[in-house]
Amino acid sequence: MLDEGPLIWMSDALITLATIGIIVVLTYFKLWKWLWDNWLTTVDHKKIGIMYLIAAILMLFRGGTDGMLMRAQLSWPNLHFLNADHYDQVFTTHGTVMILFMAMPAIIGFFNVAVPLQIGCRDVAFPYLNAISFWLFFAAAMLFNLSFVVGGSPDGGWTSYTPYVENMFDPGPGENYFIVSLQITGIGTIATGINFMITILRMRAPGMTLMRMPMFTWSVLITSFIIVFAFPVLTAALGLLLIDRDFGAHFFTVSGGGMPMQYVNLFWIWGHPEVYIVILPAFGIFSEVISTFAHKRLFGYAAMVVSMASIAILSFIVWVHHFFTMGAGPGVNSFFGVSTMAIAIPTGVKVFNWLFTMHKGRIEYTSAMLWALGFIPNFLIGGLTGVMLAVPPADYQYHNSYFLVSHFHYVLIGGTVFGVFAGLYYWWPKMFGVLLNERLGKWHFWTFMIGFNVCFFPMYFLGFMGMTRRVYTYPAGYGWGVINLIESIGAIGMGVGFLIMVYNIVWSARFGERDTTGDPWDARTLEWATTSPAPEYNFARIPEIKGRDAWWLMKRNGESINGPKDIPFEPIHMPNNSGRPIIMSLFFFIAGAGFIFSWWILTIIGLLGVLVTLAQRSFEYDDHHYIPVEEIERTESAAGRL
Amino acid sequence: MKPSGRRLRGLFLVVGLSMLALTGCGTGKYIPVLSPQGPVARSEYYLIIWSFVLMIVVVLGVFVIYFYMLVKYRARPENKDYVPPEIEGNSRWESIWTIIPIIIVIALAIPTVAVTYNLVQPPKSAAATTATKETPITIDVISERWKWVFKYPGQNIETVNYVNIPAGQPIDFELSSTGPMNAFWVPALGGMEFAMPSKDLKLWLEADHPGTYDGRSAQFSGRGFANMTFKVNSMTQAQFNAWVQKTQQTAPKLTKQTDDQLQKPGLVSPMTFSSIEPE
């Protein structure tokens, strides 16, 4: 920690100051109890969703800062802003944070915010488990971020290929941070997958058949299946790697008869579906946003569902395209090349259905819609270069070059990040009862979108020019310098866009337009039927679903969400808050720290704590309460819905 | 507000054109992948071009529909009261845009599979300048941390961080690694292949003409990775033979000490030895 240099010292100081600041503010305003009662112990899916999203935005800042550091270092030949070791750590944490601690919590945040509301139910199937999932993710994210001030960050790339990450080449705790924090967040993610699978399959409001579900809910259902099938593979891969590193086994080390390729296979059997885990929900968000702001129902609903399901299935049989250049035979490469190209077919169907959703519509260019529309050309470029990468002989030339870097940023930013922004602008009023400022939203869109293209489009050329990913510096004379400088300027544009978004959030919290109707966009799906923000119980009465776009139908038929006036409300059964999920995740954190530094006493304390909190739960019988009718009437009449 | 589509299109044009201008429009010196110098790189280049043509067709098609929709159906004060129709779908149109991608994928898949199988064989040097066709040369490539060691078993020569090859002749590179994985990449001559521990992967490359080409590692392997580069010197058969002979006679033997030195992590300048086993 002491020999890390001024950048890290500055970060240490800032982290300490920020922590002290938070503690002082919470204590001064006597907010600890409020925080504990309303947020830290909550099992309300809407609040958990909001916490996921806040964490995701913070992690976007962290990962984005990493990105800016990299762009600064690469902006000219032979720079010495970062040394090789720092650069290696920065690109590793950039990739890991962005995928696992930004994209994942953001989309899972939207699962929580929107899905129970969209299917007309009061909570997820396992609210307590949902809280555990969130706190496991949070503990893992904190643990992972700690690496950068204690003991050094992982430096093997976000893929952490063996044998490089084995102890003999990469000693020290850095790599353990990667393994352990991914393992912990992975447990939470698997639980989330199961939770939403069951929620969607079992808890839909009466009349909501599968083919009447909103498209976002469909995308979440399919994503949940992918999670449940893919994440256990990651658990296995990381588990074996941890045993190698902590206990001297040789699953992946050649010297002991292990097979490094086995890790690469396991990693991508999870890793490829993982990229669909973060893109399919974004597809769902775009479907909602485009049909809402074109004021038309989604074109080709059934084809959209079938496409998504086939993408999900195909995502499991393409993983070898990540290593065409690792000596698989021509038969294997051909099979995986063609199966990868095949994904373009259902994706193409989806793009055309989105385009034709706008046909004969009346397109309103709100901020949310701009992100959805910006997604189409950008994702198209990313997707089509993906098809080019799927040609194995061509991939021999693109592999690990900047062509690849550009491709996956086009799909992950142009797809997932644009989707997250679209979802933020779209669902913000539902989450907070306030609209984000449209003018600032448009500034955010244009600066970020232009910056993004300036930053990543030139990378295709750098790939053809022979620049490979993960180099921390390069000599002059290759013609790479100017292009890299342009890219760095584009990265600044993205940073400015992000700051405008943060300013928008702060500004709108104070001065933003309040959403009193609950339906500011004249939208189509059920989440807009209830108030903004939705009451704890979501719906005073579970709605009866008569067709697709249920809320649109109700509005057209002049029906109230609370049904006919004369039927009395009934008490609503809700789960109790619990502080145990956060305490359990604290024990996971302790156990994780033990595994990272091989301090076995800490590990044992942590794991015992986990077991004790698990056991406590099974003896907890008083875990629910009823909301009395008077309270429901009070809430509903305050919202003007009686 | 101007339709967002037009701005987008303008942006792409500006960025694309300025990139082309900056890169000097395809000069081989700067864009090795797009100016192949041997049959392997050339067959890969043709596939890249073919896939690019197919993809640009898709881009143009989608962009036309996209901008048409954005402009034609945008909300304006004049169409304030317009209520869009609720359209379920259209099976004819949906079939069309399912079938067209299928056709495109097939058009791409067939040459892909053919070339993938072809590249396993030694390249047939159609454009070779040298007439004489000799038996292929085998060169063992070993990636040490962070240097490239080339062993010529037939010639009993070892070089470090550079490799000399005869032009117009297929070279059989046998890749392996003593440490982490690396990837052996000479963009001007052909695509990469990994160098992995305990595994020999084969890569055929061939240069048309004499010349010097840059090679590098494409798989991250730690601190010295960014500097893990080497030169490929392609020379005429006569020059190559002369070099082999001269090296066998004048270059020092590979000593145990030097070999140990090479196996330690670190960077070294190019070296030449007249034996491949340490003594």
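**Two chains in questions and answers**

Visitor: What relative accessibility does A:K360 have?

Guide: A residue counts as buried under 20% relative accessible area, as exposed over 50%, and as partly exposed in between, with a 1.4 Å probe and protein chains only as cover. A:K360 counts as partly exposed because its relative accessibility is 38%.

Visitor: What kind of model is this?

Guide: Residues are numbered from 1 along each chain as its sequence is written, while chains are lettered from A and ligands numbered from 1 in the order in which they are written. Side-chain values use heavy atoms, with hydrogens and water left out; local features need pLDDT of at least 70, side-chain atom pairs count only at pLDDT 80 or more, totals for chains, interfaces and linings use all residues, and the model is predicted.

Visitor: Where is A:K360 found, and what is its phi?

Guide: Helices (H or I, at least four residues) and strands (E, at least two) are DSSP runs, numbered from the N terminus. A:K360 is found in the loop between helix 11 (344–358) and helix 12 (367–389) of chain A. Although A:K360 is not a glycine, its phi is positive, at about 60 degrees.

Visitor: What is the phi of A:S598?

Guide: A:S598 lies in the loop between helix 18 (580–597) and helix 19 of chain A. A:S598 is partly exposed, with a relative accessible area of 32%. This residue, which is other than glycine, has a positive phi near 55 degrees.

Visitor: Which helix gives the most to the nonpolar patch?

Guide: Patches are made of residues with over 30% relative accessible area and no salt bridge; like charges are joined within 9 Å, and nonpolar side chains (Val, Leu, Ile, Met, Phe, Trp, Tyr) within 5 Å. Here A:I243, A:F247, A:F251, A:W600, A:I604, A:L608, A:L611 and A:L614 form a surface patch with about 760 Å² of accessible area together, by the Shrake-Rupley method with a 1.4 Å probe, only the protein chains shown counting as cover for residues. Helix 7 (215–247) and helix 19 (600–618) of chain A each supply at least two of the residues. The one that gives the most, with five residues, is helix 19 of chain A.

Visitor: What is the relative accessible area of A:I243?

Guide: A:I243 lies in helix 7 of chain A. A:I243 is partly exposed because its relative accessible area is 34%.

Visitor: Which residues are the closest to the centre of the largest cavity?

Guide: A cavity is a set of points, on a 1 Å grid over the protein atoms alone, where a 1.4 Å probe fits but cannot get out, and lining residues have an atom within 4 Å of a point. Grid points are joined across faces, edges and corners, and a volume is the space filled by probe spheres set on the points. The structure holds seven cavities of 30 Å³ or more, and the largest has a volume of about 130 Å³. Of the 13 residues that line the largest cavity, the closest to its centre are A:M215, A:S291, A:L298, A:Y301 and A:D549.

Visitor: How many charged residues belong to the lining of the second largest cavity?

Guide: Ala, Val, Leu, Ile, Met, Phe, Trp, Tyr, Cys and Pro count as nonpolar, Asp, Glu, Lys and Arg as charged, and the others, Gly among them, as polar. The second largest cavity holds about 70 Å³ of space, and its lining includes A:Y52, A:L100 and A:F231. That lining divides into seven nonpolar residues, five polar and, as for charged ones, none.

Visitor: How far apart in sequence are the parts tied together by B:D208 and B:R42?

Guide: The closest N and O atoms of the salt bridge between B:D208 and B:R42 are 2.1 Å apart. B:D208 lies in the loop between strand 8 (201–205) and strand 9 of chain B, and B:R42 in helix 2 (residues 39–72) of chain B, so the parts tied together are apart by 166 residues.

Visitor: What is the omega of the cis peptide bond that joins A:S532 and A:P533?

Guide: A:P533 is found in the loop between helix 16 (481–511) and helix 17 (550–557) of chain A. The cis peptide bond between A:S532 and A:P533 has an omega of about -15 degrees.

Methods: Salt bridge = Lys/Arg side-chain N within 4 Å of Asp/Glu carboxyl O. 1 Å grid on protein atoms, 1.4 Å probe; cavity = no way out; pocket = protein on both sides within 12 Å on 5 of 7 lines; lining within 4 Å.
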